[in-house]
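Keep the picture open as you read.

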Amino acid sequence: MPNSPLHDWDLAPREAIALQKRLAGQVEREDRLDPVGRIAGVDIGFEQDGAITRAAVVVLAWPPGAEGEFEPTTLEIVEQVVHREPTRMPYVPGLLSFREVPAALAAFERLEVRPELVMVDGQGIAHPRRIGVASHLGLWLDLPTIGVAKSRLCGRHREPGPARGDWTPLVDGPDDEVIGAVLRSRVKVKPIFVSPGHRLTLPTALDWVIRCLGRTKLPEPTRLADRLASRRGR
DNA sequence: GCGACAG
DNA sequence: ATCTTGTCGC
């Protein structure tokens, strides 16, 4: 226990926040990605009243076999991993990464292939201290990451247009800093919140999310990881 | 003091 | 996040 390699994740809120402030300065907001051949989706689910954490990672091949507008129908699954472990931290708004990243890292360690891009279920820099779970994970994996959340954590925004692909900027702070985008990924459905995680800009993040949209609200990477982590998927 | 609050 | 039946629509 005292020698657990992930011991440094078990922090009191006080220390966790201090760590986030230090790490936030290491999050890269410029594009720095290698040619994309594989895209991974990550999500965490729970079992037994939250006692067990399930981390799921799904790796898809890019480009898809038959790419159509908003329909990458042939995004082939290259590999998928599910890792289970005891839950170590409770959910605290703003400190989600300390609860989910350890399990996600363990799942990645079991992966045989390495993706060039990762989509995470949660916020990237659209976070009070600009380091949401997607940014934190990207920092640890040293990979470009994108935050794809189903709801807002912080920031202000106007309602995006009704058409698929319409989006409005998510801004925060007294200076209206742009921290993400509110994207209408499907007609007549609540928009999703896209934000850069690590090593890429908002335009690039939006571009990839839109390119990975199928007929559902969530882009294929996180949609498939969602299924796996939630137990549903086959 | 009063809301808001990823998963 | 998770607990859950039916129901509307392509």
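This is a predicted model: local features need pLDDT of at least 70, side-chain atom pairs count only at pLDDT 80 or more; totals for chains, interfaces and linings use all residues.

Eight of them form an open sheet in the order 5-2-1-6-7-10-9-8, and the pairing is mixed. Strand 5 (77-86) and strand 8 (167-172) stand at the edges; each has a single partner strand, so one side of each is left without a neighbour in the sheet. From one strand to the next, the twist averages 25°.

How do strands hold on to each other in general? Strands of a sheet pair through backbone hydrogen bonds, in either a parallel or an antiparallel way. For an example here, look at strand 7 (residues 145-149) and strand 10 (residues 192-198), which pair in the antiparallel sense over five bridges. Within that pair, Thr145 stands opposite His198 of strand 10.

**Helices against the sheet**

Helix 5 (residues 220-230) packs on the sheet, where it touches strand 1 (38-47), strand 2 (52-61), strand 5, strand 6 (117-121) and strand 7. The direction of helix 5 makes about 30° with that of strand 1.

Now find helix 4 (residues 202-211). Which of its residues are buried? They are Leu202, Thr204, Ala205, Leu206, Trp208 and Val209. The buried residues of helix 4 pack against several strands, including strand 1, strand 9 (177-183) and strand 10.

Of the DNA strand B atoms that come within 4 Å of the protein, sugar and phosphate account for 51%. Strand 1 and helix 2 (96-109) are the elements that give two or more residues to this surface. Sorted by class, the surface near DNA strand B has eight nonpolar, five polar and five charged residues.

DNA strand C has Gly45, Phe46, Lys150 and Ser230 around it. By class, that makes one nonpolar, two polar and one charged.

| Residue | Part of the residue | DNA atom | Distance |
|---|---|---|---|
| Tyr91 | side chain | phosphate oxygen, DNA strand B | 2.5 Å |
| Gly94 | backbone | base nitrogen, DNA strand B | 3.1 Å |
| Arg152 | side chain | phosphate oxygen, DNA strand B | 2.5 Å |
| Phe46 | backbone | phosphate oxygen, DNA strand C | 3.3 Å |
| Lys150 | side chain | phosphate oxygen, DNA strand C | 3.1 Å |

Most residues other than glycine have a negative phi, and most peptide bonds are trans. With that in mind, check out the bond from Trp62 to Pro63: this one is cis, with omega near 5°. Pro63 sits in the loop between strand 2 and strand 3 (67-68).

Arg130 has a positive phi of about 60°, although it is not a glycine. You'll find Arg130 in the loop between strand 6 and helix 3 (133-141). Is Arg130 buried or exposed? Its relative accessible area is 13%, and the cut-off for buried is under 20%, so Arg130 counts as buried.

Asp176 isn't a glycine either, and has a positive phi of about 55°. Asp176 lies in the loop between strand 8 and strand 9. At 44% relative accessibility, Asp176 counts as partly exposed.

Terms used. Residues are numbered from 1 along each chain as its sequence is written. Chains are lettered from A and ligands numbered from 1 in the order in which they are written. Side-chain values use heavy atoms; hydrogens and water are left out. Two strands pair if DSSP finds at least two bridges between them. Helices (H or I, at least four residues) and strands (E, at least two) are DSSP runs, numbered from the N terminus. Axes are lines fitted to C-alpha atoms, for helices over the stretch in contact, and angles run from 0 to 180 degrees between N-to-C directions. Contact means heavy atoms within 4.5 Å. A residue is near a molecule or strand if one of its heavy atoms lies within 4 Å of it. A polar contact is a pair of N or O atoms within 3.5 Å; within protein, one must be able to donate a hydrogen and the other to accept it, and residues adjacent in sequence count only if both atoms are side-chain atoms. Ala, Val, Leu, Ile, Met, Phe, Trp, Tyr, Cys and Pro count as nonpolar, Asp, Glu, Lys and Arg as charged, and the others, Gly among them, as polar. Buried means under 20% relative accessible area, exposed over 50%, partly exposed in between (1.4 Å probe, protein chains only).
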